[in-house]
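Hi,

Here is the structure I promised to pass on.

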Amino acid sequence: MSLFRRNSNRMPGLNTASMPDLVFTVLFFFMIVTHLREVPVKVHYQAPRAQRLDKLAKRSAVSYIYIGTREGDASGKTVIQLNDRFATAGEIAGYISAERARMTPEDLQKMTVSIRADRATPMAVIAEVKQALRQANALRVHYSADEKAKPAH
């Protein structure tokens, strides 16, 4: 009989008691950092094509202005959408001040207005919107576009 007992070389079982805590922590993290579209787009627009595109750095500091035609409207009249309602260029200053009020001081430093306009929008409408943004002191403007398809070689 041996005085020393030989232990079997079995691996101990993995303790999974803290696994649900970890899963819910990761789920909560992704729920916090994910930015969901809050505004339903009621304007039909087809973004213009561009050679070179830059991505917006901080989406929480971006306010969107949609310019195009109403969905299902055959008249082709150009409309401006601010948040979830249609507006005129004269209402842009109020929209910008409301957007500034909802932003943090950090976001105010980087506030950008993104214009998502249809490629067939008359330049007079774009100029009118730009003038209203100037009057509201919203000078950082971004124009949304789609990347131009590269030719196949």
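The largest nonpolar core has 21 residues, and those with the most contacts inside it are Ile65, Ile67, Ile92, Ile96, Val129 and Leu133. By nonpolar core I mean buried Ala, Val, Leu, Ile, Met, Phe, Trp, Tyr and Cys residues joined through side-chain atoms within 4.5 Å. At least two residues of this core come from each of strand 3 (62-70), strand 4 (78-82), helix 2 (92-102), strand 6 (112-117) and helix 4 (123-135). Helix 4 gives the largest share, five residues. (Helices are DSSP runs of H or I with at least four residues, strands are runs of E with at least two, and both are numbered from the N terminus.) A second, separate core has five residues, including Val43, Val62, Tyr64 and Val79.

This is a predicted model, so local features need pLDDT of at least 70 and side-chain atom pairs count only at pLDDT 80 or more, while totals for chains, interfaces and linings use all residues. Residues are numbered from 1 along each chain as its sequence is written, and side-chain values use heavy atoms, with hydrogens and water left out.

Gln81 counts as buried because its relative accessibility is 0%; buried means under 20% relative accessible area, exposed over 50%, and partly exposed in between (1.4 Å probe, protein chains only). Its side chain reaches the backbone nitrogen of Val43 at 3.4 Å. Not counting residues up to four places away in sequence, Gln81 also touches Val39, Pro40, Val41, Lys42, Val43, Tyr64, Ile65, Tyr66 and Phe86.

Now the charged pairs. There are two salt bridges, the rule being a side-chain nitrogen of Lys or Arg within 4 Å of a carboxyl oxygen of Asp or Glu. One joins Arg85 to Glu91, with the closest N and O atoms 2.9 Å apart. Arg85 is partly exposed because its relative accessibility is 42%, and Glu91 is partly exposed at 32%. The other joins Glu99 and Arg102, again at 2.9 Å from N to O. Both of these residues lie in helix 2, three residues apart, about one turn of the helix. Here Glu99 is buried at 6% relative accessibility, whereas Arg102 is partly exposed at 46%.

Best wishes

Conventions. Polar contact = N/O pair within 3.5 Å; in protein donor to acceptor, adjacent residues only side chain to side chain. Contact = heavy atoms within 4.5 Å.
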